[in-house]
Amino acid sequence: MQNTDLLAIANTYGCPVYVYDAHKIESQYKRLTSAFKNVNSLKINYAVKALSNISVLKFLKELGSGIDTVSIQEVKLGLTAGYDPKDIIYTPNGVALDEIEKVAKLGVQINIDNLSILEQFGTNHPEIPVCIRINPHVMAGGNTNISVGHIDSKFGISIHQIPHILRIVENTGMTINGIHMHTGSDILDIDVFLYASEILFETAHNFKDLKFMDFGSGFKVPYNEGDIETDIEEFGERLSLRFKEFCSKYGKEVTLAFEPGKFLVSEAGYFLTTVNAIKQTTSTVFAQVDSGFNHLIRPMLYGSQHTIVNLSNPEGKERFYSVVGYICETDTFANNRRIKEITEGDILAFKNAGAYCYMMASNYNSRYRPAEILWYNNKAHLIRERENFDDLIKHQIIVDL
Ligand SMILES: *Cc1c(COP(=O)(O)O)cnc(C)c1O
């Protein structure tokens, strides 16, 4: 998208506003599928929690994607977007058996990451095949060394508990149709990821009815110029080769699955804000925008460094700013950032605002959640209205005491 497109959206719809470039989502999707073009059966399940707007889900569905969900509400959003239940995988953690059973009843693929739930689910529904989430205990430690750890992670069933899984499967007569891992760490070091994959391949040989193997996510995207990102093309080439070897040893073709969130939508997103005030203190120059961690919490929660561009003064000379918000709380988006000279009223764009940004927005300070725009074929489509005062009080019950 051009800066002028973003400025036009800010003018038309007002700030703060989230904008998603559908073409970027499409090119990321195609980059991933073409990296694995040599695999006979590939399935991409977009991780809905990154950005769950139904129009975005529909767009990904048109591209051929399935979805990965973590709650029954995300499953329902997917069904509303038109996904076939068989193109939905549900990967809950710490969720009650009751909800898991409800999702299974909808015909969605269940992924279980807990022995107690596995035993109960298998006892109640031995006829429903399930996927199991394995914790391979692999972590990337430093640049090249592989360390085995993560023993206390709340996710997945430990590879050391395979004998117990097998006992449950035998006792209940249930079928395991998939195995899954998602370590949550970045695939920066392809060797580390392939090492974890070997553990999954080894585990797979314990299960005779696999239809798919799901390697989760962890694809890293650049946030700033010069950031390292996963070399998807090299990764695709190497894992595809290894996967084909596995399939021939396993004796049948299984589907290779991934569930990227950030990779597909992060770079497609821009968060547009207006500068309310410039405030010079003894030590710094603050640019205060009409937002805060109520709309974009990643910088404060994770220390994410979102690139900030002054759309209103692209040719200006650079100066140093601390970009902060307007809520009554420390809400620093960026410290001592070099940005083109800012004047009150300028529009600032935060990049990489597609994944885990709108989704974590709240009404703190009783501010409205922003609008969302999907940009496609040179046209801005409003896909969520800005909230209003009625939304804020919708569920309040005003009592006279
Ligand atoms: C969050 C999540 C993902 C997506 O992770 P990204 O880093 O956004 O790609 C994939 N799988 C599961 C199970 C998740 O919880």
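1. Domain bounds here come from an automatic or database domain assignment. On that basis, the C-alpha centres of domain 1 and domain 2 lie 33 Å apart. The model is predicted. For the protein chain, domain 1 covers 22–265 and domain 2 covers 269–380.

2. How many residues does each domain bring to the contact? Domain 1 supplies 16 residues, and domain 2 supplies 16 residues. Between them, the two domains bury about 1,500 Å². Carbon and sulfur atoms account for 53% of that buried area.

3. What holds polar groups across this interface? The count of salt bridges between domain 1 and domain 2 is 0. Polar contacts do occur: 9 residue pairs across the interface of domain 1 and domain 2 meet the rule, with both residues at pLDDT 80 or more.

4. Now the ligand. Its surroundings include Ala-47, Lys-49, Asp-68, Thr-91, Arg-133 and His-182. Ser-217, Glu-259, Pro-260, Gly-261, Lys-262 and Tyr-356 are also among the residues around the ligand. Sorted by class, this shell holds 5 charged, 4 polar and 3 nonpolar residues.

5. A polar side-chain atom of Lys-49 sits 2.7 Å from a ligand oxygen atom. For Glu-259, a polar side-chain atom lies 2.6 Å from a nitrogen atom of the ligand. Lys-262 uses its backbone instead: a polar backbone atom of Lys-262 is 2.8 Å from an oxygen atom of the ligand. A polar contact needs N or O atoms within 3.5 Å, so these pairs qualify by distance.

6. How much of the ligand does the protein bury? Taken alone, the ligand exposes 380 Å². The protein buries 88% of that area.

How values were computed
Residues numbered from 1 in each chain as written. Predicted model: local features only at pLDDT ≥ 70, side-chain atom pairs only at ≥ 80, totals over all residues. Heavy atoms only, no water. Near = heavy atom within 4 Å. Polar contact = N/O pair within 3.5 Å; in protein donor to acceptor, adjacent residues only side chain to side chain. Areas by Shrake-Rupley, 256 points an atom, 1.4 Å probe, with all protein chains shown as cover. Nonpolar A, V, L, I, M, F, W, Y, C, P; charged D, E, K, R; others polar. Contact = heavy atoms within 4.5 Å. Buried area = accessible area lost by both parts, 1.4 Å probe. Salt bridge = Lys/Arg side-chain N within 4 Å of Asp/Glu carboxyl O.
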